[in-house]
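Have a look at the sequence and the 3D view before you read on.

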Amino acid sequence: MLERICNALSFGALSVPPMSLSGGFTHRMFRVETEKGTYAVKLLNPEIMQRPDALDNYRAAEKGESLLENAGVPILPALRIGRRKLQRVDGQYLYVFDYFDGQPLQDEEITPAHCAKIGAVLTRIHGIDQRSCEAIPPAQPIDWLRLAQDLLAASCSEGALLQGVVPLLERVTAAAQEAICRLPMVEALCHNDMDPKNVLWRGEEFRIIDLECVGYANPQQEMLDLAVSWGDTEEKFKAFADAYFAAGGRPIPDAAAVYDSRRNYIDWLAYNAGRALVEDPRERETARQQIRWTIGKIRQDLHNREQILSWLKEISAP
């Protein structure tokens with residue numbers, strides 16, 4: 001497949017065999033070296049690309065990516081080939097990038113200095129385009145019991161795990177929906193997935209990747225999501241938040257509403273519960289792993305709630 005892609009896009013012959021890279025939990029990424037250069041090729045998940053709104057969503061994300069690039073945000077943008085970024089070869093949708101020889105940081109490698117850099121760049125992203133919104137679209141309801149029963153019917157062991165936490169999930173989902181109604185009616189350009197796995201570091205230099213989710217969302221939700229994701233200690237959390245506010249990020253007057261309204265883990269868990277039933281065995285295994293991981297993160301998020309809110313109160317935002 002990758003050899004056919006290189007030929008179709010006029011990259012020249014492969015110089016060495018392609019190398020698999022970490023492409024997150026949804027798509028597949030490869031390092032491809034040809035006679036013309038070294039690239040990173042992202043093969044988009046075929047299941048996602050079959051959705052009716054997939055192409056429109058990717059085109060919208062590309063517009064946001066261009067705004068980030070024009071603003072000088074340190075991203076790794078997809079290459080334009082034949083005047084377009086999204087490519088299709090033999091039915092496979094893909095993006096191509098210049099290869100950046102960097103690595104994401106593991107939790108134990110992240111320092112307060114890293115957190116401060118990401119907090120400051122997040123302020124830059126949110127400042128590119130902010131606007132008022134007339135209404136917050138209602139979140140899709142989630143039938144957790146049905147999802148658990150579907151997994152059990154397919155003899156998926158994670159079905160029992162999901163069924164055991166249905167009351168917890170129903171409570172968290174309801175709390176998120178109630179809290180969303182208390183958020184300020186504002187949205188900004190957001191990355192929407194800028195956790196540590198999507199920032200590549202080479203020494204002090206870094207590039208933000210995985211830009212397919214770029215779009216408009218509540219900036220306070222993203223700020224708190226990322227402060228929690230990057231800052232697993234008080235020092236790192238405060239370094240992130242302090243840098244965000246110092247660079248001009250807006251303060252968060254109702255931190256409890258923002259904290260409770262975040263649905264990233266909820267929606268990711270629901271997605272993987274359905275994904276665990278697809279035909280592709282590799283997709284099923286990834287989904288099952290993510291079900292277990294995400295339930296743990298939801299429990300951890302609840303456990304850390306009061307601590308995080310207390311840290312936010314201690315931070316003096318201008």
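Gln87 is buried, with a relative accessible area of 2%; buried means under 20% relative accessible area, with exposed over 50% and partly exposed in between (1.4 Å probe, protein chains only). This is a predicted model, where local features need pLDDT of at least 70, side-chain atom pairs count only at pLDDT 80 or more, and totals for chains, interfaces and linings use all residues. Residues are numbered from 1 along each chain as its sequence is written, and side-chain values use heavy atoms, leaving out hydrogens and water.

**Gln87 and its neighbours**

- You'll find Gln87 in strand E4 (residues 87–89); strands (E, at least two residues) and helices (H or I, at least four) are DSSP runs, numbered from the N terminus.
- The side chain of Gln87 reaches the backbone oxygen of Arg84 at 2.8 Å, and a polar atom of that side chain lies 3.1 Å from the backbone oxygen of Ile81.
- Leaving aside residues up to four places away in sequence, Gln87 touches Leu9, Ile81, Gln92, Tyr93 and Leu94 (contact means heavy atoms within 4.5 Å).

**Helix H8**

- H8 (residues 219–230) has 12 residues and reaches 16 Å from its first C-alpha to its last, close to the 16 Å expected at 1.5 Å a residue; that expected span is 1.5 Å times one less than the number of residues.
- 11 of the 12 residues of H8 are buried, so this helix is largely enclosed by the rest of the structure.
- The buried residues include Pro219, Met223, Leu226 and Trp230.

**The cavity**

- The structure holds 1 cavity of 30 Å³ or more (on a 1 Å grid over the protein atoms alone, a cavity is a set of points where a 1.4 Å probe fits but cannot get out, and lining residues have an atom within 4 Å of a point).
- About 80 Å³ of space lies in the largest cavity, a volume being the space filled by probe spheres set on the points, which are joined across faces, edges and corners.
- Among the residues lining the largest cavity are Tyr58, Glu62, Phe97 and Asp210.
- Helix H3 (54–70) and strand E5 (92–98) are the elements that give two or more residues to this lining, and H3 gives the most, with 4 residues.

How values were computed: 1 Å grid on protein atoms, 1.4 Å probe; cavity = no way out; pocket = protein on both sides within 12 Å on 5 of 7 lines; lining within 4 Å. Polar contact = N/O pair within 3.5 Å; in protein donor to acceptor, adjacent residues only side chain to side chain.
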